[in-house]
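Student: I have not looked at this structure before. Could you show it and take my questions one at a time?

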Amino acid sequence: MINYFTFDGTDSRTFNTFIATSNMFDAPEENVDTITIPYKNTPVHISYGTFKPFSGKAVCYIPSDMQNNIDELRNFLKSRFASCRYTEALRPGEYRIARFKEAFEVDRSDRQTAAFALTFECSPQRFLTSGDTPIIMTTSSTTITNPFMISAPLVRAYGTGTLTIGDYTITINSVDEYVDIDSETKQCYKGDVNCGANVELTDYPLLVSGENAVTKVGLTRVEITPRWWKI
């Protein structure tokens with residue numbers, strides 16, 4: 001199967017660009033300190049439970065009509081000043097959050113074809129598209145099973161009441177229809193409105209690996225977008 005990428009919603013085939021090789025879905029390095037203790041041959045490793053940003057490279061080629069396509073591709077990539085979603089055709093169920101900030105240099109070209117490497121600065125997570133679908137609570141209690149790494153969900157709660165996710169308790173005192181509790185950005189909001197004053201929580205909830213018990217009291221509806229990811 002021919003491989004290609006999609007970045008910020010635009011398919012690289014728009015620019016007649018395809019991937020020859022890619023390491024965009026390799027694993028990043030762990031954040032860990034190594035401590036050497038005098039007279040002890042085995043060092044001590046202290047893990048922070050996180051991973052370093054990942055530098056991914058896709059080696060690409062344009063098989064025809066090089067001049068027009070290379071200019072359009074360059075302008076497209078260089079006009080994205082924020083991190084965007086990056087996917088590849090060979091991994092349709094996964095994506096990274098990536099930013100193209102390196103120089104754009106063509107390694108080899110002639111009048112019709114070109115070969116070049118694109119380097120992206122990526123978040124360490126390989127997100128799963130299945131984690132973008134909200135889990136809707138239809139009863140007062142449920143169990144969410146996380147088969148992957150500890151994730152930081154987005155919770156949308158309607159009405160007032162209490163929501164418990166594992167060891168985390170959220171109390172919503174007042175709300176205009178609903179409030180979003182975002183464990184990734186650690187914010188409570190509705191659209192552009194900050195709702196932090198209306199929400200009490202022990203901490204922003206996480207979905208640990210394995211089973212997570214979830215209960216709601218008083219709330220009319222709860223949607224939990226799990227944001228599954230793996231390394």
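Student: Leaving aside its neighbours within four places in sequence, which residues is L77 in contact with?

Tutor: This is a predicted model, in which local features need pLDDT of at least 70, side-chain atom pairs count only at pLDDT 80 or more, and totals for chains, interfaces and linings use all residues. Residues are numbered from 1 along each chain as its sequence is written, and side-chain values use heavy atoms, with hydrogens and water left out. Contact means heavy atoms within 4.5 Å. With neighbours within four places in sequence set aside, L77 touches F7, F100, F104, L118 and F120.

Student: How many residues does the largest nonpolar core have?

Tutor: A nonpolar core is a set of buried Ala, Val, Leu, Ile, Met, Phe, Trp, Tyr and Cys residues joined through side-chain atoms within 4.5 Å. Buried means under 20% relative accessible area, exposed over 50%, and partly exposed in between (1.4 Å probe, protein chains only). F7, L77, Y86, F116, L118 and F120 have the most contacts inside the largest core, and its residue count is 25.

Student: Which elements give two or more residues to this core?

Tutor: Helices (H or I, at least four residues) and strands (E, at least two) are DSSP runs, numbered from the N terminus. The elements that give two or more residues are β1 (5-7), β6, α1 (66-78), β7 (84-88), β8 (91-100) and β10.

Student: Why does the aromatic pair of F7 and F76 tie together parts that are apart in sequence, and how far apart are they?

Tutor: Rings of Phe, Tyr and Trp (its six-membered ring) pair if their centres lie within 6.5 Å; planes under 30 degrees apart count as stacked, over 60 as edge-to-face and the rest as tilted. F7 and F76 are edge-to-face, at 6.4 Å centre to centre with 90° between the planes. F7 is in strand β1 and F76 in helix α1, so the parts tied together are separated in sequence by 69 residues.

Student: Is F76 buried or exposed?

Tutor: The relative accessibility of F76 is 8%. Because that value is under 20%, F76 counts as buried.
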